[in-house]
Amino acid sequence: MTLLVIDLWLILEKTLLIAGIIGLSFFIAMYTTLAERKVAAWLQDRRGPNRAGPFGIFQPLADGGKLFFKEEIIPLAANKFLFILGPALAMITALITSTVIPWATPFITKGGNVIPMQVADVDMGILLAFSIVSVGVYGIMIGGWASNNKFSLMAAIRGASQMVSYELPMGLALIAVLFMTGSLKMSEIVANQVQHGWHVIYQPLGFIIFFVCALAECNRTPFDLPEAENELNFGYHQEYSSMKLGFYLFAEYINMFISSAIMVTIYFGGYDIPFVNEASWGLSSFWMTVISFSVIMMKISFMLFVFLWIRWTIPRFRYDQLMNLGWKKLIPLALLNMVITAAVILWLNK
Amino acid sequence: MNITQILFWFLSVVAIFSALMVITSKNPVYSVLWLIATFFAISGHYILLNAQFLAIVNIIVYAGAIMVLFLFVIMLMNLNKETEPQKNRWLKMAGAVAGGCLLLVLVAALKDTDIKQQQALVNEGNIGLIKNLGKELFTKYVVPFEISSILFLSAMVGAVVIGKKE
């Protein structure tokens, strides 16, 4: 009698893929911190960090090393267990979100095995990513409350209500896309775009709403109210030091990377190369995988650049403006977009 | 024992343990966090039954939204061990008796149902997938579905009326 029936090859394949994606997330997040400072310097007519290595490319390593070796302070009145759980949760939820993203075309081995470049192509697809994002609020809330500091608590509650509010228009904007694909599976969302063209052409309003909500979900400017230093000192991570603070800041960059990847997959065709039919080139599946992966990474890098560009261009909203925008403007707009899309699809399929 | 059974027992133990922790924790914030753990374990059970949509919606709605509001209230009111009101002993005993009666009724009601003979479809059956579920909901069960959405609408209107300033 066998105790466990496990497909070892599948486990090996998925473990390698997961390790690769986590490594990639960390790598991209590391270099987004450098890119943020370089873009800021560029927009403000400065040079930016350029001491560590040529053009400052070792700067993220220096920053990370500094954070690791800093003294770690846990406030005496803090709830010690939850104080540690907060940044851990923020990091874990940021990393899990990438499970459903298809990174490249499937790789076919010589034996004929098809290895999809996606951790899990589940039927729920994009909803799974949404559920993890909605759980991501707890990292902020628990951290803010466990610090036992009024400013941290206020910032945590601000952050949580902001994230809960902006999930609604995000979901409504997404529904319009799902009308067109008829499936929640990420692989089918991409396949639909390869066939009929990118969704951003059909859903420009939906994309803008989704993008604004993604900015708010990642706590990025102009929605970075949870860390508004002029009202709340430093926000929900005020009491944090050393690598725990690093985890919060780093999780934000990973969230940016993953939300860029999700937006690229939903609206910009994922790994699809525009204007050409790459399937007719007759390349081997290995090269197709490599090319499609570099295409999606180029699109993601551009989206990340837009994130940084916005940060150094637009000032922060006031809190009531943020809530007005979310509830009174974005939700009606998203609903309108949804109804129009549904009507057009009905009319076309008549 | 195959992997489904192992997962079933693991999830059951997690669900029951964290449900017990919800009611035995002294700190209300811990109670809420254990309740979230319970929801995750129950979602795991849904996935074992291949009810994927239910599992995900359970996490989005309960763990992701409702529990956040619970935490808001508890954190803002700063409830903790010291502020928890101490009920007197008779009230506690009355609660135990009432809870025991409910348990008795539930056990008596479920004892003779034919659900015992029915095997749960583990990892098969496609009704839990979103396409089939949607078709069932909007054709066969459209009237109950619409009635419950009217219920939600009235709850929303009620919340807005209460929350609105004079």
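In chain A, the buried residues of helix α12 pack against α1 (8-43), β1 (107-108) and α11 (242-267). Before I continue, please note that this is a predicted model, in which local features need pLDDT of at least 70 and side-chain atom pairs count only at pLDDT 80 or more, while totals for chains, interfaces and linings use all residues. Residues are numbered from 1 along each chain as its sequence is written, and chains are lettered from A and ligands numbered from 1 in the order in which they are written.

Some terms are needed here. Helices (H or I, at least four residues) and strands (E, at least two) are DSSP runs, numbered from the N terminus. A residue is buried if 20 or more other C-beta atoms, placed from the backbone, lie within 10 Å of its own. Two residues are in contact if their C-beta atoms, placed from the backbone, lie within 7 Å.

The buried residues of α12(A) include A:Met288, A:Val295, A:Lys299 and A:Phe307.

I turn to chain B. Chain B has 6 helices and 0 strands, and 14% of its 166 residues count as buried.

Finally, the contact between the chains. Chain B contributes 19 residues and chain A 21 residues. On the side of chain B that touches chain A, helix α3 (residues 52-77) of chain B gives the most, with 13 residues.

Definitions and conventions: Buried ≥ 20, exposed ≤ 12 C-beta atoms within 10 Å, placed from the backbone.
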